Amino acid sequence: MVARRKRRKPTPYPSDLTEAQWELIAPMVPTALPGGRPAIHDRRRIVEALLYVNRTGCSWRQLPHDFPPWQTVFGYFQRWNESGETDRIHDALRAKVRDRSGRDPMASAGMVDAQAVKGADTVGTDTRGWDGGKRVNGRKRHVVTDSLGLLVVVLVTAASVQDRDGGRLALSRAKTVMPSMVLVWADGGYAGRLVAWVAEHCRMTLDIVRKPKGKIGFSVLPHRWLIERTLAWIVRCRRLDHDYERLPAHSEAMIKWAMIGLMTRRLAPARGRRPWQSPLAA
């Protein structure tokens, strides 16, 4: 008599959430559909599918079949972004990470920087441009973080937009999201009229951190290295190594989901896995 083979539980993907990680997000994930329709797919698998696409860089249509249909996952991604659910999940996790590090959830200091990335063929000509300094044809991410390197605001524009112009919009948005922020460190690309504009309109001090005189080549600068590390965290997600999204709003949402995955791993590290370097070490 042939012994019955035991059904083994499917091996989880590295991007899947542990029970402790899911408990952090579950209370903030909407359980009802518009119009009161009953949900068909498990919300946890929807979130894990979003993290899988983000981490692996696969296209929506190549989402593995053990996840809900890609049309369903993309629909939730789009709906949660438009309704603000993605922002609420991200901001709540950031507050928890800051609280665990002994910081006030409302940051008083932060950093601003920009990152130009190549645009895929899915990026239309109306939202892409040429960055002559970095020699990149694509989009630019204008990022504001807190003093731990955690994301506060991201603004995606064409790569042709100057750092000062994008920084003005990003800092205005950051003041709305984080009214307590009064000091922001930046590199020399933000010097000039922007300093006075930020002081007048945003009620913040824009402190330009410059490279020491006579220093040639790479140099680790105070405060500035924190946001550089954040940009490195972001591009570790293969979906974010280039910009593949048709809409800038979807690019911004993908960056937020990358940080959601990072912060859940910081708050509830999985056993046997080495998480990314903790922002609490800053």
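1. Which residues in α5 meet L194, W197 and V198 in α6? The α5 side supplies R164, R168, L171 and S172. By class, this contact of α5 with α6 has 4 nonpolar, 1 polar and 2 charged residues. Note that the model is predicted.

2. Now the geometry of that helix pair. Helix α5 covers residues 163-177, and helix α6 covers residues 193-201. Their axes come within 11 Å. They cross at roughly 15°. Angles under 35 degrees count as roughly parallel, and α5 and α6 are therefore roughly parallel to each other. The crossing in which α5 passes α6 is right-handed.

3. Next, the overall fold. The protein chain has 8 helices and 6 strands. Along the sequence, the pattern reads α-α-α-α-β-β-β-β-α-β-α-β-α-α. The protein chain has 282 residues, and 49% of them count as buried. Take the contacts between residues at least 6 apart in sequence: 65% of these join residues at least 24 apart.

4. The aromatic residues deserve a look. The structure holds 8 aromatic pairs. One of them is W60 with F77: the ring centres are 5.5 Å apart and the planes stand at 45°, so this pair is tilted. W60 sits in the loop between α2 (43-56) and α3 (70-83), while F77 belongs to helix α3, so the pair ties together parts that are 17 residues apart in sequence. Are W60 and F77 buried or exposed? Both are buried.

5. Helix α3 also carries W80. The rings of W80 and W257 have their centres 6.5 Å apart, with planes at 35°, so this pair too is tilted. W257 lies in helix α8 (residues 248-267) and W80 in helix α3, so the pair ties together parts that are 177 residues apart in sequence.

6. Why do W80 and W257 count as buried? The cut-off for buried is under 20% relative accessible area. W80 has 3% relative accessibility, so W80 counts as buried. W257 has 1% relative accessibility, so W257 counts as buried.

Definitions and conventions:
Residues are numbered from 1 along each chain as its sequence is written. This is a predicted model: local features need pLDDT of at least 70, side-chain atom pairs count only at pLDDT 80 or more; totals for chains, interfaces and linings use all residues. Side-chain values use heavy atoms; hydrogens and water are left out. Axes are lines fitted to C-alpha atoms, for helices over the stretch in contact, and angles run from 0 to 180 degrees between N-to-C directions. Helices (H or I, at least four residues) and strands (E, at least two) are DSSP runs, numbered from the N terminus. Angles under 35 degrees count as roughly parallel, over 145 as roughly antiparallel, 65 to 115 as roughly perpendicular and the rest as oblique. A crossing is left-handed if the near helix is turned anticlockwise from the far one by less than a right angle, and right-handed if clockwise. Contact means heavy atoms within 4.5 Å. Ala, Val, Leu, Ile, Met, Phe, Trp, Tyr, Cys and Pro count as nonpolar, Asp, Glu, Lys and Arg as charged, and the others, Gly among them, as polar. Rings of Phe, Tyr and Trp (its six-membered ring) pair if their centres lie within 6.5 Å; planes under 30 degrees apart count as stacked, over 60 as edge-to-face and the rest as tilted. Buried means under 20% relative accessible area, exposed over 50%, partly exposed in between (1.4 Å probe, protein chains only).
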